[in-house]
Amino acid sequence: NNIFLLIGAIGKSAQLGLHTWLPDAMEGPTPVSALIHAATMVTAGVFMIIRSSPLFEFAPTTLFTISIVGCLTAFFAASTGLLQNDLKRVIAYSTCSQLGYMVFACGVSAYNVAIAHLFNHAFFKALLFLTAGSIIHSLADEQDLRKMGGLTQLLPLAYVMMLIGSLSLMGFPFLTGFYSKDFILEVTLSK
């Protein structure tokens with residue numbers, strides 16, 4: 001029975017195999033993308049796993065499957081994001097990767113750490129999406145990264161905001177992403 005809950009979470013939180021809808025959902029306006037990625041839609045699957053944790057704790061095979069799916073999703077989505085040329089698709093694949101981190105944390109029974117990363121992710125991902133919207137709007141709806149450059153002089157505030165969001169996303173020390181990702185790695189190594 002637990003495996004069906006996992007399948008639902010895989011679809012809702014865009015895990016490997018059912019991840020293709022997430023980058024395609026970025027065709028909408030950027031504020032809508034920020035809401036989808038940061039607050040509501042994609043995090044519902046992870047939240048469902050956390051809320052159903054008492055059921056998963058009695059199914060060690062399902063927990064192992066959850067950790068494998070999360071780990072593979074984090075690696076695959078991050079690798080795929082490196083090859084994208086569209087600004088919003090890069091951020092979308094980074095969302096998939098972060099969701100993989102959260103699902104992986106659930107797979108090692110670190111539900112409190114997963115919810116902490118979910119909370120942190122909402123803030124730095126909203127910052128990234130809203131800044132991306134500002135950049136896209138300033139460049140006459142251009143989203144191709146190959147056609148962008150020298151934005152430091154044109155949009156200095158957007159540059160600083162994108163830098164802060166990106167550093168937090170990659171886990172730069174003393175930013176929120178560092179602490180939540182470090183907790184995930186610490187819990188994993190202790191098990």
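Me: Before we start, how are axes and angles defined here?
Reply: Axes are lines fitted to C-alpha atoms, for helices over the stretch in contact, and angles run from 0 to 180 degrees between N-to-C directions. Bear in mind that this is a predicted model, where local features need pLDDT of at least 70, side-chain atom pairs count only at pLDDT 80 or more, and totals for chains, interfaces and linings use all residues. Residues are numbered from 1 along each chain as its sequence is written, and side-chain values use heavy atoms, with hydrogens and water left out.

Me: Why are H8 and H10 called roughly antiparallel?
Reply: Helix H8 (residues 111-138) and helix H10 (residues 156-169) pack at about 150°, with axes 9 Å apart. Angles over 145 degrees count as roughly antiparallel, so H8 and H10 get that label.

Me: What makes Arg 146 and Asp 144 a salt bridge?
Reply: Their side chains meet at 2.9 Å, N to O. The term asks for a side-chain nitrogen of Lys or Arg within 4 Å of a carboxyl oxygen of Asp or Glu, so the pair qualifies. A search of the whole structure finds 1 salt bridge.

Me: Why does Arg 146 count as exposed?
Reply: Exposed means over 50% relative accessible area, buried under 20%, and partly exposed in between (1.4 Å probe, protein chains only). Arg 146 has 61% relative accessibility, so exposed it is.

Me: And why is Asp 144 called buried?
Reply: Asp 144 has 15% relative accessibility, so it counts as buried.

Key
Helix = DSSP H or I, 4+ residues; strand = E, 2+ residues; numbered from the N terminus. Parallel < 35°, antiparallel > 145°, perpendicular 65-115°, else oblique.
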